[in-house]
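Okay, thanks for making time, everyone. I'd like to walk through one model today, so let me put it up on the screen.

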Amino acid sequence: MLTFEQKLEVFKSFPELEQRNVSLGRVNFHYEGSAYDKKTVVYHLHPNGNGYVYAGHLDGYETDDKGFVNIREMAVPELRRLVRESIDALSVREEEGPSSRPGTTEAPARNAFPGGVWTNAKGEKLTLKYEDDLWYIYSGLSLEMAFETREEAGEYLAEEGFSPSKG
């Protein structure tokens with residue numbers, strides 16, 4: 001199990017999140033850019049290492065009645081992926097994402113968004129675009145990668161140290 005400090009480090013690595021200290025040494029992280037009333041991504045990270053991440057708009061996670069996943073036993077890659085998916089899902093309402101078009105074999109995930117500019121700590125930028133039923137990642141005008149799903153594209157960008165740019 002990761003320690004409180006290790007989990008805190010993971011959450012602090014997401015510049016979109018704002019740390020808020022709460023009672024009993026616990027910490028919450030809010031996403032002020034949320035398109036929903038829900039802004040809490042990390043809830044009650046406790047000094048004993050327990051805590052919760054919001055997954056109410058995600059499929060494939062066992063959540064409580066408020067949409068939170070217990071993160072007590074999560075490893076770093078799984079925790080990073082969950083937080084990234086949670087932020088992405090809160091970024092744009094479902095109806096604002098790309099819609100399924102005739103001939104599409106797979107509709108974009110319901111937590112998908114149209115893409116946009118992603119940056120890393122060095123200030124390098126990549127652009128994620130959904131076109132012709134694929135997710136494309138561009139560096140300037142040069143195509144870097146193409147993926148069949150938004151999830152694959154997001155995982156690749158996160159693994160390469162990129163996160164969605166604000167505003």
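**A walk through the model**

Let me start at serine 163, which is found in strand S10 (residues 163-164). Is serine 163 buried or exposed? Serine 163 counts as buried because its relative accessibility is 11%; the cut-offs are under 20% relative accessible area for buried, over 50% for exposed, and partly exposed in between, with a 1.4 Å probe and protein chains only. Leaving aside neighbours within four places in sequence, serine 163 is in contact with Pro15, Glu16, Arg84, Val117, Trp118 and Thr119, where contact means heavy atoms within 4.5 Å.

Quick housekeeping before I go on. This is a predicted model, so to speak of local features we need pLDDT of at least 70, and side-chain atom pairs count only at pLDDT 80 or more, while totals for chains, interfaces and linings use all residues. Residues are numbered from 1 along each chain as its sequence is written, and side-chain values use heavy atoms, with hydrogens and water left out.

On confidence: pLDDT is the predictor's confidence in each residue, from 0 to 100. The protein chain has a mean pLDDT of 82, with 84% of its residues at 70 or more. Where pLDDT is low, the predicted coordinates should not be read in detail.

Now the sheet. Five strands form an open sheet in the order S1-S2-S3-S4-S5, with antiparallel pairing; two strands pair if DSSP finds at least two bridges between them. Strand S1 (17-21) and strand S5 (68-70) stand at the edges with a single partner strand each, so one side of each has no neighbour in the sheet. From one strand to the next, the twist averages 20 degrees. S4 and S5 run antiparallel and are joined by three bridges, and tyrosine 52 stands opposite asparagine 70 in S5.

What lies across those strands? That's H2, which lies across S1, strand S2 (27-31), strand S3 (40-45), S4 and S5, at about 35 degrees to S4. The axes are lines fitted to C-alpha atoms, for helices over the stretch in contact, and angles run from 0 to 180 degrees between N-to-C directions.

That brings me to the packing. The largest nonpolar core has 28 residues, and Phe11, Val41 and Val53 have the most contacts inside it. By nonpolar core I mean a set of buried Ala, Val, Leu, Ile, Met, Phe, Trp, Tyr and Cys residues joined through side-chain atoms within 4.5 Å. Helix H1 (4-12), S2, S3, S4, S5 and H2 each supply at least two residues of this core, and the largest share, six residues, comes from H2. A second, separate core of 11 residues includes Trp135, Phe147, Leu157 and Phe162. Back to valine 41: not counting residues up to four places away in sequence, valine 41 touches, among others, Leu17, Phe29, Val53, Phe68 and Ile87.

Okay, charges. A salt bridge here is a side-chain nitrogen of Lys or Arg within 4 Å of a carboxyl oxygen of Asp or Glu, and by this rule the count is five. Which residues are linked in a network? Glu16, Arg84, Asp88 and Arg150. Aspartate 88 forms a salt bridge with arginine 84, closest N and O atoms 3.1 Å apart; both lie in helix H2 (residues 76-91), four residues apart, about one turn of the helix. Aspartate 88 also meets arginine 150 in a salt bridge at 2.6 Å, N to O. That pair links distant parts of the chain, since arginine 150 is in helix H3 (residues 150-159), 62 residues from aspartate 88. Aspartate 88 and arginine 150 are buried, and so is arginine 84.

Elsewhere, glutamate 18 pairs with arginine 20 at 3.0 Å between the closest N and O atoms. Glutamate 18 is partly exposed at 36% relative accessibility, and arginine 20 is partly exposed at 31%.

Most residues other than glycine have a negative phi, and most peptide bonds are trans. Leucine 24 has a positive phi of about 60 degrees, though not a glycine; leucine 24 lies in the loop between S1 and S2 and is exposed at 69% relative accessibility. Histidine 44, also not a glycine, has a positive phi of about 50 degrees, and histidine 44 is found in strand S3.
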